[in-house]
Amino acid sequence: MQASSLSAVAPCAPNAAVRRWTVDEVLALYDMPLMDLVFRAQQVHREHFDANAIQRSTLLSVKTGGCSEDCSYCSQSARYDTDLERERLMPLDEVVAAARAARDKGASRFCMGAAWRGPKDNDLDKVLAMVREVKALGMQTCVTLGMLKEGQAEKLKEAGLDYYNHNLDTDKDFYGQVIKSHTHDDRLDTLDQVRDAGINVCSGGIIGMGESRRNRAALIVQLANLPTPPESVPINNLVPIPGTPLADRPRLDPFEFVRTIAAARIAMPASWVRLSAGRQEMSDELQALCFLAGANSMFYGDHLLTTGNPEVDRDDALFARLGLKAV
């Protein structure tokens with residue numbers, strides 16, 4: 001389904017009647033009985049969205065490996081031995097072919113990721129061409145390129161970019177335990193540049209990195225209390241990668257993940273809340289509970305950058321079983 005169809009279920013503007021949340025308020029959501037929390041989240045969800053419509057995005061790594069940053073969860077960091085082969089920026093025709101295939105399988109947004117600290121100007125020019133060509137296919141476009149320099153967001157906007165992804169990853173207080181090569185404020189600076197350029201913000205986090213429930217609540221507060229909440233909020237369940245510092249991190253309680261989805265939905269009622277990394281390890285039943293808790297977006301396709309994702313046939317079967325429609 002093409003991007004124009006999204007207007008049928010578009011939410012009201014995310015900055016309409018935005019409230020300021022406190023960490024204690026979001027913690028109180030987490031502490032609710034699960035059934036009460038999910039019920040409340042579903043009520044909020046139905047006020048802003050079609051409860052049976054799920055936005056589907058496909059994510060392609062257009063430049064893999066060799067990143068100079070030290071993000072403890074990431075297989076693409078050059079600082080860790082993860083057996084990942086470093087690859088150059090993909091040719092334009094291969095990216096367009098992948099986008100066309102994703103569109104034909106039912107994705108409405110095509111996301112392109114590059115493992116950089118931030119794009120050099122000559123690399124950005126090549127990405128701009130990708131954005132233009134994918135946009136011409138009738139899809140929404142998204143890129144994640146790391147931290148931006150002055151003027152780069154404006155060039156992306158001129159090329160037709162719809163969304164820029166730059167996750168906060170985790171709460172500011174926990175951030176230094178996961179990443180030391182740049183700061184939480186560096187990420188906020190890029191989000192400010194993206195917003196000022198008139199591009200939709202895609203920003204969320206990773207759950208299960210050893211953070212506390214309070215850290216999880218604080219991440220939601222930091223996202224919800226941005227000048228405008230992100231239009232898209234990906235919630236990642238950590239996929240432990242051998243060779244990274246978080247390789248042996250125990251799996252998060254699935255119900256804690258559901259609570260995080262529900263809290264994000266209540267705190268950011270008009271944002272698309274996306275099931276992102278870690279979905280391959282989720283049962284159909286857990287995914288259904290996440291949809292009930294307010295998730296209404298997902299990555300669709302067999303791979304997410306360098307990690308696995310449920311096969312398209314499995315997702316199509318799940319949509320049929322649950323009576324969901326793709327947008």
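The model is a predicted one, in which local features need pLDDT of at least 70 and side-chain atom pairs count only at pLDDT 80 or more, while totals for chains, interfaces and linings use all residues. Residues are numbered from 1 along each chain as its sequence is written, and side-chain values use heavy atoms, with hydrogens and water left out.

Helix α8 covers residues 213–224, and its axis lies 10 Å from that of α9 at an angle of about 25 degrees. Axes are lines fitted to C-alpha atoms, for helices over the stretch in contact, and angles run from 0 to 180 degrees between N-to-C directions. Helices are DSSP runs (H or I, at least four residues), numbered from the N terminus. The crossing of α8 and α9 is right-handed (the near helix is turned clockwise from the far one by less than a right angle). In this contact (heavy atoms within 4.5 Å), α8 supplies Arg-213, Arg-216, Ile-220 and Ala-224, and α9 supplies Glu-256, Arg-259, Thr-260, Ala-263, Ala-264 and Ala-267. These residues divide into five nonpolar, one polar and four charged. Here Ala, Val, Leu, Ile, Met, Phe, Trp, Tyr, Cys and Pro count as nonpolar, Asp, Glu, Lys and Arg as charged, and the others, Gly among them, as polar.

Helix α9 (residues 254–267) also packs with α1 (residues 23–30); their axes come within 9 Å and cross at roughly 130 degrees. That angle makes α1 oblique to α9, and the crossing is right-handed. From α1, Val-26, Leu-29 and Tyr-30 meet Glu-256, Arg-259, Thr-260, Ala-263 and Ile-266 of α9. By class, the contact of α1 with α9 has five nonpolar, one polar and two charged residues.

A further pair is formed by α10 (residues 284–292) and α11 (residues 312–322), packed at about 60 degrees with axes 11 Å apart. Helices α10 and α11 are therefore oblique to each other. The contact joins Asp-284, Gln-287, Ala-288 and Phe-291 of α10 to Arg-314, Asp-315, Leu-318, Arg-321 and Leu-322 of α11.

The largest pocket is lined by 18 residues, of which Lys-63, Arg-88, Leu-89, Trp-116 and Asp-123 lie nearest its centre. A pocket is an open set of points on a 1 Å grid over the protein atoms alone, where a 1.4 Å probe fits, with protein on both sides within 12 Å along at least five of seven lines; lining residues have an atom within 4 Å of a point. Helix α4 (residues 121–136) gives the most to the lining, with three residues.

Note on methods: Helix = DSSP H or I, 4+ residues; strand = E, 2+ residues; numbered from the N terminus. Parallel < 35°, antiparallel > 145°, perpendicular 65-115°, else oblique.
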